[in-house]
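Visitor: I would like a short tour of this model. Please keep it brisk.

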Amino acid sequence: MTDMIDSLAKQLSGAYRGKRILVTGATGFIGRHLVEMLGALGGELAILSRGSDPLPHVGKIFRGELQDRDFVSATLSDWAPHLVFHLAGARERNLTREAFDKTIEANLMGTLNLLYAALDRGELGRIVVLGTGEEYGRNPAPFHESMREGPISAYSFSKQCATQLSQLMHSSFGLPVVVVRPSVAYGPGQHDDMFLPALIQTLLRGEAFDMTLGEQTRDYVYVSDLVEAILCAGACDGVDGEIINVGSGTATRIAGLVEQVEAQLGIEGLVRRGTVPYRTGEPMEYLLDVSKARALLQWTPRTSLEAGLRETIAWYRQRNS
C-alpha cells in the first residue's frame, strides 16, 4: 500500500492534494479503498451516502438519496467539489420487474441527478463514473470499448444507460465526465455475496462449497489496481467523454481460480463442482481489452492473481481469527 501511494504521489503530481472531492458509494467495497487512497494523497473528502457508516479521511458526510434531485443539487452547491467519483449503485442482477425498477431508479436516475447538479458547477474538473464490464454481456471476448453493449440483467442494462447518459452530457454540454468500466474486482474487505469471498469464507469455516463446473472465464482485477486506474482517470488530460476498460487483461477459468484458492488455503475436498447449474444466459468467456487504459491513463495492472489471492486470503484469515 505504501509503495503504491508513493508511486501515485509521483505520477499524479499533486492532482488531488488540497482538492475538494465528493465520492458516492464510498461505503462499498471499491469505495472504501478509493477513499483510503484519496485521503493518503491529501484530498479533502466528502461523501454522499444514505448511511451513517464512518470512514477515515472523510471530512464531511452528506446523508441522503441520489434519487432526491434537490438533495443532490444542494450537496454539490454546498461542497463545491473539484472532482466527483460516482461509484454508488444497485446491483440487482436478475430480470424481474422489481429489479428493473430498483436499478433504473438508483443507477440511471441517480446518475442523471448527479450530472444535472454538476452542470451548475463551473469549477468542476472531472466526474468519474463507474460502469461495469457486464455491460458487454455475451459479446465475444476480449471486450473492447467500441463494441455495441449487450446487457443481460437489470443491473447491466441500467449501467449501460448511465454510460450513454454520461457520454451524452459530455457531447451536448461539455461536462467533463469519463466512464471507467472495470472487470471483476476482488480483494480484502469484499462482501461475501460475491463468488470469491464466499468461496474463501466457506472453506475457512470448513464447510462444503457448491458451485458450477467452473468452465467459464472471468477477468479478475485486484482492487488496488482498479483504484489506481480510477485515480488516473480523475487526473489525466484528454479523457473527457471516454469509456475506459480496466481489468487484468487475463482470462482466468473459474475452476483454475478455485484450485488456486484451495492450494493457498491448504484445503481440499470441500468444493463440490457441478452441483450448481450455470445461470441462464451467463457469459462463458469474459475478458476486457485494457489497451485503451494503457494508452490514455498510462496505467497497467501491477498485481498478479497469485499475489492478490494471497493478500485477500490473509485478510479473511485475520478477520476470522
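Guide: A polar contact is a pair of N or O atoms within 3.5 Å; within protein, one must be able to donate a hydrogen and the other to accept it, and residues adjacent in sequence count only if both atoms are side-chain atoms. The model is predicted: local features need pLDDT of at least 70, side-chain atom pairs count only at pLDDT 80 or more, and totals for chains, interfaces and linings use all residues. Residues are numbered from 1 along each chain as its sequence is written, and side-chain values use heavy atoms, with hydrogens and water left out.

Visitor: With which side chain does the side chain of Arg218 make a polar contact?

Guide: Arg218 sits in strand E9 (residues 217-218); strands are DSSP runs of at least two E residues, numbered from the N terminus. Its relative accessible area is 10%, and buried means under 20% with a 1.4 Å probe, protein chains only, so Arg218 is buried. At 3.0 Å, the side-chain partner is Glu282.

Visitor: Is Tyr116 buried or partly exposed?

Guide: Tyr116 belongs to helix H4 (residues 97-119); helices are DSSP runs of H or I, at least four residues. Exposed means over 50%, and partly exposed lies between the buried and exposed limits. At a relative accessible area of 37%, Tyr116 is partly exposed.

Visitor: How many of the 12 residues of H2 are buried?

Guide: Helix H2 covers residues 29-40 and reaches 17 Å from its first C-alpha to its last. Among its buried residues are Phe29, His33 and Met37. H2 is largely enclosed by the rest of the structure, because its buried residues number nine.

Terms used:
Expected span 1.5 Å × (residues − 1).
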